[in-house]
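Let's take a look at how the parts of this protein sit against each other. Keep the picture open while you read and find each piece as it comes up.

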Amino acid sequence: MPTRLLVTGGAGFIGSHYVRSLLSGSATPDGVQVTVLDKLTYAGNRANLAPVEGHAGLRFVRGDICDPDLVGELVKDADQIVHFAAESHVDRSIAGGDEFVRTNVLGTQTLLSAALRSGVERFVQVSTDEVYGSIAEGSWPEGHPLAPNSPYAASKAASDLVALSYHRTHGLDVRVTRCSNNYGPYQFPEKVIPLFVTRLLTGGRVPLYGDGSQIREWLHVDDHVRGVELVRTAGAPGEVYHLGGGTELTNRELTGLLLRACGADWDRVERVTDRLGHDRRYALDWSKSRDRLGYHPRRDFTEGLAATVAWYREHPEWWGAPDG
Ligand code: NAD
C-alpha cells in the first residue's frame, strides 16, 4: 500500500516543488499518494502543479487549513501530513498580522487536532530560520531559544511550539524542519529574487532596503525539499532539523548578482527605507541533519541562480509579464 500524504500548501512555491519532485518522472511514485490541500491565496497557483496534473498519484482539494470539517475529512484518508501552507511574506505581516496568526497558528492547530483524532502516523511541520531572530556571528543549533521579530516569524514560532506540544503531550509523531531562505522557479514575485528578476527583465527599478548589508543564506528549493523528504522518511519523532548550508550573501551582493544576470546596472536600484525590525543575519547550524540524515545541499549557487533567472525569462506567462 502506498503511503497517503496530505500536503498542505502544495500549490505554493516550496510545496509544489515538493509535490512535483515526489510525482514527476514516475507513473507510480515512490510508494506515495498525494492529496494537496491549498486555499489558492494570491501565493498559490494551480499552474505550479501543471507538470504533474493528471498524475494518478495526485488529488487536489481547494480549501482552508482552518476549516475543521474539511480538514477532519481529508485527514481520515491520510497516513502522514507534510505541512507547508502558510502566509509567508514578512512585509505583508508587518502591514497586518491577522491572517498570519489565523493561517499559521490556528491552521496548524486545526491540522494537529485532526491528525491526533484520526491517528495520523506522522506530521512534518515545515518552518523557518526566522523563528530564532537575528544572529551577528556563528549559527543557531536546533535547541536555541526562539526570539522571532516579525509577526510572520512569531506566527511560525508559535505554530512550531504548538506542533511540538502535540508530540510531548499526546505522543503524536511530529517532526519540525527549519530552513533558510529558498530560491528557485515558481516563487511568487514578491520575494526578493523573483521580484528583482521580473522587474529587471521588464525594464523596471528594484527596491533595496536600507544599506543592503543584511545577510541571508540562500538555499535552492531542490535542496530544501530533499531535506524535508529525508526528515519525513528518516527523521525521529519530536525532533527539530535544520536545513541550511546555502550561500551567505548580503542583500547588496545578491542585488549585484541579479543585476549582472539580467544585464542591468546599478542605476536600476532604488534605495528604500529599511524594513521595520529588519533582522541583520540568519545562520543555521545544520550539522545534526548532515550527521543523522545524510542531508547535504547539492545545488551550486551560481548555477542555481542562473537557472532560476533563465526560468523567469522563459516563463513570462507564469508571472504575468506585460507581453507574457
Ligand atoms: P508560499 O507563500 O509560496 O505558499 C504558501 C501556500 O499556502 C500557497 O499555495 C497558499 O495558497 C497556501 N495557503 C495559504 N494559506 C492557506 C490556508 N489558510 N489554507 C490552505 N492553504 C493556504 O510559501 P512558500 O515560500 O512555499 O513556503 C512554504 C512553507 O515553507 C511555509 O510554511 C514557510 O514558512 C516555509 N519556509 C519558506 C521559506 C522561503 O524561503 N520561502 C524558507 C523557510 C521556510
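Start with helix 6 and helix 10: on the helix 6 side, Ile193, Pro194, Val197, Thr198 and Leu201 do the touching, and they meet Leu305, Thr308, Val309, Tyr312 and Arg313 of helix 10. Sort those residues by class and you get 7 nonpolar, 2 polar and 1 charged. Bear in mind that you're looking at a predicted model.

How do the axes of helix 6 and helix 10 cross? Helix 6 covers residues 192–201 and helix 10 covers residues 301–314; their axes come within 10 Å and cross at roughly 55 degrees. Angles from 65 to 115 degrees would count as roughly perpendicular and those under 35 as roughly parallel, so helix 6 and helix 10 are oblique to each other. Their crossing is right-handed.

Next, go to helix 1 (residues 13–23) and helix 7 (residues 221–234). These two pack at an angle of about 70 degrees, and their axes are 9 Å apart. That angle makes helix 1 roughly perpendicular to helix 7. The crossing here is right-handed. Helix 1 brings Phe13, Ile14, His17, Tyr18, Ser21 and Leu22 to the meeting, while helix 7 brings Val221, Asp222, His224, Val225, Val228, Glu229 and Arg232. By class, that contact has 7 nonpolar, 3 polar and 3 charged residues.

The last pair is helix 2 (residues 68–76) with helix 4 (residues 98–118), whose axes come within 9 Å and cross at roughly 40 degrees. Helix 2 and helix 4 are therefore oblique to each other, and the crossing is right-handed. From helix 2, the contact uses Pro68, Val71, Gly72, Val75 and Lys76; from helix 4, it uses Thr110, Leu111, Ala114, Ala115, Arg117 and Ser118. The residues of this contact divide into 6 nonpolar, 3 polar and 2 charged.

Here are the helix pairs side by side:

| Helix pair | Crossing angle | Axes |
|---|---|---|
| helix 6 and helix 10 | roughly 55 degrees | within 10 Å |
| helix 1 and helix 7 | about 70 degrees | 9 Å apart |
| helix 2 and helix 4 | roughly 40 degrees | within 9 Å |

Now zoom out to the domains. The domain assignment gives domain 1 as 3–180 + 221–243, and domain 2 as 183–216 + 247–283 + 299–319. Taken over C-alpha atoms, the centres of domain 1 and domain 2 are separated by 25 Å. On the domain 1 side 27 residues take part in the contact, and on the domain 2 side 19 residues do.

How much area do domain 1 and domain 2 bury between them? The figure is about 2,100 Å², with 46% of it on carbon and sulfur atoms. Within domain 1, the residues that lose the most area to domain 2 are Phe13, His89 and Ile94, which together make up 24% of what that side buries.

Conventions
Residues numbered from 1 in each chain as written. Predicted model: local features only at pLDDT ≥ 70, side-chain atom pairs only at ≥ 80, totals over all residues. Heavy atoms only, no water. Axes fitted to C-alpha atoms, helices over the stretch in contact; angles between N-to-C directions. Helix = DSSP H or I, 4+ residues; strand = E, 2+ residues; numbered from the N terminus. Parallel < 35°, antiparallel > 145°, perpendicular 65-115°, else oblique. Left-handed = near helix turned anticlockwise from the far one by under 90°. Contact = heavy atoms within 4.5 Å. Nonpolar A, V, L, I, M, F, W, Y, C, P; charged D, E, K, R; others polar. Domains from an automatic or database assignment. Buried area = accessible area lost by both parts, 1.4 Å probe.
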